[in-house]
Amino acid sequence: MNNVKIVATGSYAPERSVKNSELSLIVDTSDEWISSRSGIKERRISTGENTSELATKAALKALKNGNIDPLDIDLIVLATTSPDTFTPSTACLVQAAIGAENATCFDVSAACSGFIFALNTASKFVMTGSSKTALVIGAEVLSKILNWEDRSTCVLFGDGAGAAIIQKSEENGIISCYTGSDGTKAKAIYCPATGVVNPYVEGKKERVNSFVSMQGKEVFKFAAKIIPKSVEEVLKDTKYTIEDIKYIVPHQANIRIIEAAAKRLEIGMDKFFINLDKYGNTSAATIPLALDEMVKDGLLEKGDKIIIVGFGGGLTYGAILIEWLI
Ligand code: ACO
């Protein structure tokens, strides 16, 4: 099996920032409620760009940062809950936009755990020699599937994209992966696609609205438990302990979830990288967006061990232990 490492990152978020106070003009809410319940202060909202356009901009930045020719990309795995179209996949749209004509492209649907699932999948392609250079993207325009009349959800989410390029390597950068799912909790975070409407269906024929709904308290309880479990699982059978980890990069959903996870893990909040105050929950994009921001801020040095950890609709969850080798 080949070793695999991350060689470059990139990210992009729409220009338009929407502060909590602006949302109180649309729904019955306040900056105080949103900040104290979630930690979110603002989020970026697309004024027209679709998911593939955000993803393309993040991918182009990663290619530039890694000085990589798009023709060398032989695999694009894109995680999203908010694709441009049922078909083609958003990965194919990105392929065309960046000129990666040698790539095999597909999307992964694992909601907010999407980037973890996509990086795990792509790294297996590189490990087995099926791919030499893979582009992994998490991208969302969640604003198009939010119910902007539902204050319990619309205040929590935002739009954005992040990308990472991985390659075969001498040293091992993807140390271990842990993932899981619980389909019995499908309704905890839910967004229907079309119902079955055709000439042979009897009775009422209504198209459904594709809006996100969420059982907030259930998700909170699940997340506060599954973050520590995933961190412990990904460290298991490695030579590392939590003390060796410089940063945990969690899915950026809610500061109180991260605080609860820190408490269970008996570690300080300073070990967690947090930028949800600026972007809100961008689902599959939060982790790659955070990684790229950490690179830009100079927080990551060669040899650092970090854990990325996510949870989301499905329910899905997982973590990856990474040695930073750029
Ligand atoms: N502004 C003002 N009041 C609100 C708002 C709002 N935006 N939203 C809900 N409320 C009200 C409710 O109507 C309720 O009022 P009531 O008591 O009169 O019925 C009250 O605030 C309390 O509502 P709760 O749902 O009990 O609030 P809670 O403290 O649980 O916080 C929250 C809600 C933030 C959603 C919390 O449950 C949470 O963080 N859950 C985790 C879910 C999460 O993070 N989801 C995103 C991740 S999912 C994913 O990433 C895929």
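The ligand takes up the space of the largest pocket. On a 1 Å grid over the protein atoms alone, a pocket is an open set of points where a 1.4 Å probe fits, with protein on both sides within 12 Å along at least five of seven lines; a molecule sits in one if more than half of its atoms lie within 2 Å of its grid points. The model is predicted, so local features need pLDDT of at least 70 and side-chain atom pairs 80 or more, while totals for chains, interfaces and linings use all residues. Residues are numbered from 1 along each chain as its sequence is written, and side-chain values use heavy atoms, with hydrogens and water left out.

Around the ligand there are 23 residues (a heavy atom within 4 Å), with Thr-29, Arg-37, Cys-112, Lys-217 and Asn-254 the closest. Helix 7 (216–235) gives the largest share of this shell, four residues. Helices here are DSSP runs of H or I, at least four residues, and strands are E runs of at least two, numbered from the N terminus.

As for polar contacts (N or O pairs within 3.5 Å), Arg-37 brings a polar side-chain atom to 2.6 Å from a ligand oxygen, and His-251 does likewise at 2.7 Å. The protein buries 74% of the 1000 Å² that the ligand exposes when taken alone (Shrake-Rupley method, 1.4 Å probe).

Then there is strand 6 (residues 133–141), with nine of its nine residues buried, meaning under 20% relative accessible area (1.4 Å probe, protein chains only).

Note on methods: Buried means under 20% relative accessible area, exposed over 50%, partly exposed in between (1.4 Å probe, protein chains only). A polar contact is a pair of N or O atoms within 3.5 Å; within protein, one must be able to donate a hydrogen and the other to accept it, and residues adjacent in sequence count only if both atoms are side-chain atoms. On a 1 Å grid over the protein atoms alone, a cavity is a set of points where a 1.4 Å probe fits but cannot get out, and a pocket is an open set with protein on both sides within 12 Å along at least five of seven lines; lining residues have an atom within 4 Å of a point.
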